[in-house]
Amino acid sequence: MKKFLMICLAICLAFACVGCIQAPVEESEWEGKEEFTAADGMSESVASIAAKYEEYKDKVGSAFGLNEVTDASCFEFEAVGENEVKITSYIGMESIVVIPDEIGGADVVAIGENAFADTAVRALYVPDSVTSIEKGAFANTSALVTLRIPFIGDGGENDHFGYIFGADSYEYHAVKVPVTLEVVIVGSADSVAENAFAGCKTLCAVVLPDSVASIEKFAFFECARLVYIDMGGADAKIGDYAFACCSSLFSVSFEGAERVGFGALYACQSLYSLTLSFVGESVGENRFLGYIFGAESADYNDDFVPVSLREISLVGCDEIPDRAFTSCAYIAKFTLGEGIESVGVRAFYGCRSLKSIDMPESLTMIGDDAFFGCDNLESVDFGAGVTSIGMQAFYGCRSLKSIAMPDKVTEIKSSTFALCESLSSATLGGVKLVGKDAFKGCTSLTPVDCDGIEVAQGNDCLVKLPEETGK
């Protein structure tokens, strides 16, 4: 019942919001806003995680790079088919083991039950020739730190990570997966199954291959120390709560993703940077940032988007939807990739830590209220392609210092730059019409010669007086 009421409330608020953007707001709506200190850099705790991110990024890049294949004499094995063998036991003394893909001319295709059990191996490389890993093959490997595997699970029906350590299901990951294990590299897989790594609380870095087409729901749920994830750049579908409660995740890229599920990054409270191909669930549904953090509407963006999140990069999309980042007060940097053609209504409304924004050359339209209340926004580069800027688009941007209108913009609409009290310089370019109150309250503005421009009332601070122009 509570969830139903919340949904109803969200719907009501959404309709209320749609209604309120059809006409200019009263000046008092932003006059009374509380003082706000813009987010700057990262907190001490996130900085510590950032250092770990770089550490594990280096580790996965160099894992096994210089290690030679372990000699066949270190293994016991048995034939399982014509020119195929299964490793049944590791009898060597090396702590770094690279399993050969063939022994005596026969392909190594399987790792047997308990084959590495109770060994002191610290790093283990399993080649792609292996198509089956039996239950408990790596049981009690209490020194294992780095593991490279060709797939997740046994290569068949048992698709949870803990199976190879003896876990009957993902519920036993916490007790069966070695607490020393930090780095997992997956060689080839089509998907990461539901709960595949759930509860693997000690994992710090996971690398997935390009072949992964889906990361199912709860796949990495509660991987609390996971700081680095490389999803291989595949066009994957990300399931609901896929990375929920990964409280150490520092940077995530969903570039190329076809879908990002509800709450995929729920409670990722250390997330600092995020790369997206679209905002929200997909290019067509639930198009607001908070959706992937567990918010049911854009009204709750500020309640669910983590305050640690400072940087957003948008690549490969053609628009920023209405209310995409509404009230995301702590995001300080947005990088807009080439190809974006429009910024929607209230897209960056109340993004109070945003200090500068560069528009791509492909951008043609900025919607109503797009940057309303971005009171720390100091500079805007509109780009040459913009033809239309909506009313109140920069209302209340108190720190904005100067503007240069693109030549293709012929009209500055009502209240577009109202209450930009630090605005001291305005270049109007090809503007022919300045709407009502477009520059109202711009008390620092140096008047502009508006000869040939129709200027509506409420713009006294914009226009040079006749005696100043010599008329």
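This is a predicted model: local features need pLDDT of at least 70, side-chain atom pairs count only at pLDDT 80 or more; totals for chains, interfaces and linings use all residues.
In general, most residues other than glycine have a negative phi. Is Gln392 buried or exposed? With a relative accessibility of 1%, Gln392 counts as buried, because the cut-off for that class is under 20%.

You will find Asn195 in the loop between strand E10 (191-192) and strand E11 (205-207). Its relative accessible area is 9%, so Asn195 is buried.

Now step back to the whole chain. The protein has six helices and 30 strands, and its C-alpha trace spans about 100 × 50 × 40 Å along the principal axes. Of the 471 residues, 53% are buried. Among contacts with a separation of 6 or more, 37% are between residues 24 or more positions apart. The accessible surface comes to about 20,300 Å², and carbon and sulfur atoms account for 48% of that area.

Charge is the next theme. The protein carries 32 positive and 70 negative side chains, with the centres of the two sets 7 Å apart. On the surface, a patch of negative charge is formed by Glu82, Glu84, Asp101, Glu102 and Asp107. One of these, Glu84, belongs to strand E2 (residues 84-90). Glu84 is partly exposed, with a relative accessible area of 32%.

Side chains of opposite charge can pair when their charged atoms come close. How many salt bridges does the structure hold? There are 14 salt bridges in the structure. One of them joins Lys86 to Glu78, with the closest N and O atoms 3.6 Å apart. Lys86 is buried, at a relative accessible area of 15%, whereas Glu78 is partly exposed, at 38%.

A further salt bridge connects Glu222 with Lys201, where the closest N and O atoms are 3.6 Å apart. This pair links distant parts of the chain, 21 residues apart: Glu222 is in the loop between strand E12 (214-215) and strand E13 (228-230), and Lys201 is in the loop between E10 and E11. That E10 to E11 loop also holds Asn195. Glu222 is partly exposed, with a relative accessible area of 32%, and Lys201 is partly exposed too, with 41%.

Continue to Asp369, which forms a salt bridge with Arg346, the closest N and O atoms being 3.5 Å apart. Asp369 lies in the loop between strand E23 (365-366) and strand E24 (379-381), while Arg346 lies in the loop between strand E21 (342-343) and strand E22 (356-358), so this bridge ties together parts that are 23 residues apart in sequence. Asp369 counts as buried, at 0% relative accessibility, and Arg346 is buried as well, with a relative accessible area of 6%.

Key
Residues are numbered from 1 along each chain as its sequence is written. Side-chain values use heavy atoms; hydrogens and water are left out. Helices (H or I, at least four residues) and strands (E, at least two) are DSSP runs, numbered from the N terminus. Buried means under 20% relative accessible area, exposed over 50%, partly exposed in between (1.4 Å probe, protein chains only). Contact means heavy atoms within 4.5 Å. Accessible areas come from the Shrake-Rupley method with a 1.4 Å probe; for residues, only the protein chains shown count as cover. Lys and Arg count as positive and Asp and Glu as negative; His and the chain ends are not counted. The place of a charge is taken as NZ of Lys, CZ of Arg, CG of Asp or CD of Glu. Patches are made of residues with over 30% relative accessible area and no salt bridge: like charges are joined within 9 Å, nonpolar side chains (Val, Leu, Ile, Met, Phe, Trp, Tyr) within 5 Å. A salt bridge is a side-chain nitrogen of Lys or Arg within 4 Å of a carboxyl oxygen of Asp or Glu.
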